[in-house]
Amino acid sequence: MSLAVYAAGALCWRIVDDKLVMLVVHRTKYGDVTIPKGKVDPGETLPQTAVREILEETGLAVTLGVPLGVSAYPLTSGREKIVHYWAAEVTDQAIAQSTFVPNSEIAAIEWVTLKKARGYLTYERDVEILDAFEALVKQGITSTFALIALRHGKAEPRGGWQGPDASRPLTDRGVKQAAGDVPTLRAWRPRRIITSDAVRCVATVAPLAAATGVKPRREPGISQDAYEEGRGDVRSVVGKRVRSRKTAVLCSHGPVLPEILREIALATGTMPGGYLNDAADLDTGGFSIVHLSATNPASGIVSIETYAPAVD
């Protein structure tokens, strides 16, 4: 059986004159109208691909929002193409800085209403992605932000460590996991980095901080020591992040992550359930992206994506 071809893209949208419009691309080679997307390059993750392809095809630097679904269809080669899509709100700054000029791949880009796009898109599979986005719009969910629960990278074992538990460093594998997570995390452009004050957590977010220029804030209240000693302060840390409505990474420990996910649900009026435990059950270096609405807080958790560490 032929291996599948993976690709990623985004339904880009913005508000113009109080009207929501989305971006479609007119492809030169195929003469069709579609949602921008492209194939995964070697070593890339799907979110990384989506951001890169949008920039290359449209000249727009975007930040990913919520996932909108997956399209799968056969290619003439007999292989299956699997495309993952996200929503992406396009800022005025991104528009002003766009570098798009017609090229051999994209003849034109066009902003159209959802109604026009429905009859405009060449492929039914693209209309299905539009349907998923429009369902969110009807719920009052447009602008979103994410709280990203990140488990620290692999650390030196607790049993053999002579010093305080909080001083355990990352192993070589943990260092590679921390660096490997950065390209995927940057697709959501975190504006805050909150970390347990344990060495293994601080070291895990260091590569992300270096790549984004965001200075990490150490929060003892989400540390394992505080959790085990009954002096944790997860509720206030999470509550502050929910109120700020800015995408943030919260780096903590295996035993603390279920509480972080539970507090996100409680802070947004979301019914708890086993899905929260699944999202918290992360390998070292893994993370879950909890999407929340910035425009309709009462809508609760919109969706959760979970990613394994880039380095096993």
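This is a predicted model: local features need pLDDT of at least 70, side-chain atom pairs count only at pLDDT 80 or more; totals for chains, interfaces and linings use all residues.

Start by selecting T91, which sits in the loop between β6 and α2 (92-96); helices (H or I, at least four residues) and strands (E, at least two) are DSSP runs, numbered from the N terminus. T91 has a relative accessible area of 42%, so it counts as partly exposed (buried is under 20%, exposed over 50%, partly exposed in between; 1.4 Å probe, protein chains only).

Residues are numbered from 1 along each chain as its sequence is written, and side-chain values use heavy atoms, with hydrogens and water left out.

Next, pick β5 (residues 67-74) and β6 (residues 80-89), antiparallel strands joined by seven bridges; strands pair if DSSP finds at least two bridges between them. P74 has E80 in β6 as its bridge partner. Five residues lie between the strands of this hairpin, and there G78 takes a positive phi near 95°.

Then show the open sheet of six strands, ordered β10-β9-β11-β8-β12-β13 with mixed pairing. Its edge strands, β10 (217-218) and β13 (301-307), each pair on one side only. Inside, β9 (residues 192-195) and β11 (residues 248-252) run parallel, with four bridges; T195 partners C251 in β11.

Last stop: D283, in the loop between α10 (274-280) and β12 (287-293). D283 counts as exposed because its relative accessibility is 54%.
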